[in-house]
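Q: I have a model open here and would like to talk it through with you. Could we begin with the strands and then change topic?

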Amino acid sequence: MGALCLVYWISIGLLLGLCLGADPFANFNLELSYITASPLGVPQQVIAVNGKFPGPVLNVTTNYNVVVDVRNKLDEDLLITWSGIQMRRASWQDGVLGTNCPIPPKWNWTYQFQVKDQIGSFYYFPSLNMQRASGGFGSFVVTNRDIIPLPFAIPDGDIVILIGDWYTRNHTALRKALDNGEELGMPDGVLINGKGPYRYNTTLVQDGIVHETINVDPGKTYRIRVHNVGVSTSLNFRIQSHNLLLAETEGYYTSQQNYTSMDVHVGQSYSFLLTTDQNASSDYYIVASARFVNESLWQRVTGVAVLHYSNSKGKVSGPLPDPPNDAFDTTFSLNQAMSIRQNVSASGARPNAQGSFHYGSINVTDVYVLKSLPPSKIDGKLHTTYNGISFVNPDTPIKLADAYKVKGAYKLDFPSKPLERAPSRDRSLINATYKGFIEIIVQNNDTVLQTFHLDGYSFFVVGMGIGEWTENNRGSYNRWDAISRSTVQVFAGGWTAVFVSLDNVGVWNMRTENLDRWYLGQETYMRIVNPEDTGNKTELPVPDNALYCGALSHMQKPQKVSASSMLASSNLFLVLVVVLSTMISGWCY
């Protein structure tokens, strides 16, 4: 019996070490389907997640292994991407056409990735064919491990606010307009958490629209996570009579400073600390209004919600708090953007301070200038470009083409600077160098403000300005405490410069977050290979559940049990271990 007990304890120790010794798992199921909603008072088809619009908040902790089973109940292909999540070693999970075959209708696919060394406020959304314009989005929050202190007192609550411009036409109608060479035109409104505006004005806001109410208690401090998940409109976010203490943006803690309002551009995320220190004589307006437009024409493009104190004495009324008084002057907004600095002494996902990476003293190995222009016709169709190239998504995703040696799937000839030639459509990628340290200058010669996003990385926003970038502008770069983020604004007729340390092997999408410009081709990919890695140390192999398409369509097999079911089986296995433990321990004692 003693030998049996010894074997028992050794076996249990090994089993629990295998099952519980690694970082924890967080499991989610997301089903995307169409529902009918009327956020602006007009019934329309929207994309719901688990029957809700917007989708649920996904909450995980640093270093968790995240398993998300996505079921496609739409009538077209689907991919979900995770804005700001770096997918360390795993661009297979990025959810864009350059790395993944799409999930066909009625199919499911399971994403499996680790939020390695990340904290902060992110979001997920469908990445194909303008689908985000119909919904399918939700917040993705990565919290600190307990051993890593926050650079502020633990808030009394955590509140997510999704803002974005909105059309009463769904994404297929918007897509058709772009295919026909039309501009999308002025949005029909702005939604806050999927709801239309509070009726602050009986002329501008029709009766019967459901608005969002944020409930708070007096004398508390709340962390408010704001994401602009819209189509193409920059929004000014503000809360009447309250300051917004900026604390974090897209995974990095900021130097804390108060703002009365913040310009939140398409695709960007911020965390603010809101102290409920007002007298609550009435409720307060929460406003998200369009920027850099003719405000007299765009009055309806304003989202209005209500901040309701539990001791409030009445409903809010009267005029909205004023926006910045500079409709066509970018000076205020540009200065505000460059005032956002990294908290170099705070710990992020790791115990070491965020400022311990001295980016300003590292030699730049490569420079890329990406120039965008207004949409122009290529072969009779309207397209957008970077450096004169409108990107064509490959039939076989780049990662799969590499793994299975598919020839001709793409080209590694993306120009490092604009070329004097006619625009064209192509599958040109940036052939970047692993462990390089690069400078990217995005030159926006389009007529509208754009946001630039890079998957797989965050970058240091070292400079920003109006006019044509020149090498002399490097003298104004912030080389000490520039904020790190993954999505940055580039003003119309201006430039933004960023530094990126290329330590994440894979294929990574570079794009504008303005959905119309993105749909028309303004994107490319950066391919980063570690030639010395022969054992999957810096990049994971092809996932067992990979979908196959293009030249590899013949490899696609009928769907098997999803990873979520496999995880359920592993949970059952753990239950059996516990039962076995109980039985044998009875024998041993």
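Q: What is the order of the open sheet of 5 strands?
A: In this predicted model, the open sheet of 5 strands runs in the order E11-E19-E18-E13-E16, with mixed pairing; strands (E, at least two residues) and helices (H or I, at least four) are DSSP runs numbered from the N terminus, and two strands pair if DSSP finds at least two bridges between them.

Q: And which are the edge strands?
A: Strand E11 (213–216) and strand E16 (262–264) are the edge strands, each pairing on one side only.

Q: In what sense do E13 and E16 pair?
A: Strand E13 (residues 235–239) and E16 pair in the antiparallel sense, over 3 bridges, and Leu235 has Val264 in E16 as its bridge partner.

Q: New topic: how many disulfides does the structure hold?
A: It holds 1 disulfide, meaning a pair of cysteine sulfur atoms within 2.5 Å, and this one is formed by Cys101 and Cys549, with their sulfur atoms 2.1 Å apart.

Q: Where in the chain are the two?
A: The pair links distant parts of the chain, 448 residues apart: Cys101 is in the loop between strand E5 (80–83) and strand E6 (108–114), and Cys549 is in the loop between strand E33 (523–529) and helix H6 (563–588).

Q: Why is the disulfide left-handed?
A: The torsion about the S-S bond of Cys101 and Cys549 is about -85 degrees, so the disulfide is left-handed.

Q: Is Cys101 buried or exposed?
A: Cys101 is buried, as is Cys549, where buried means under 20% relative accessible area, exposed over 50% and partly exposed in between (1.4 Å probe, protein chains only).

Q: What conventions apply?
A: Local features need pLDDT of at least 70 and side-chain atom pairs count only at pLDDT 80 or more, while totals for chains, interfaces and linings use all residues. Residues are numbered from 1 along each chain as its sequence is written, and side-chain values use heavy atoms, with hydrogens and water left out.
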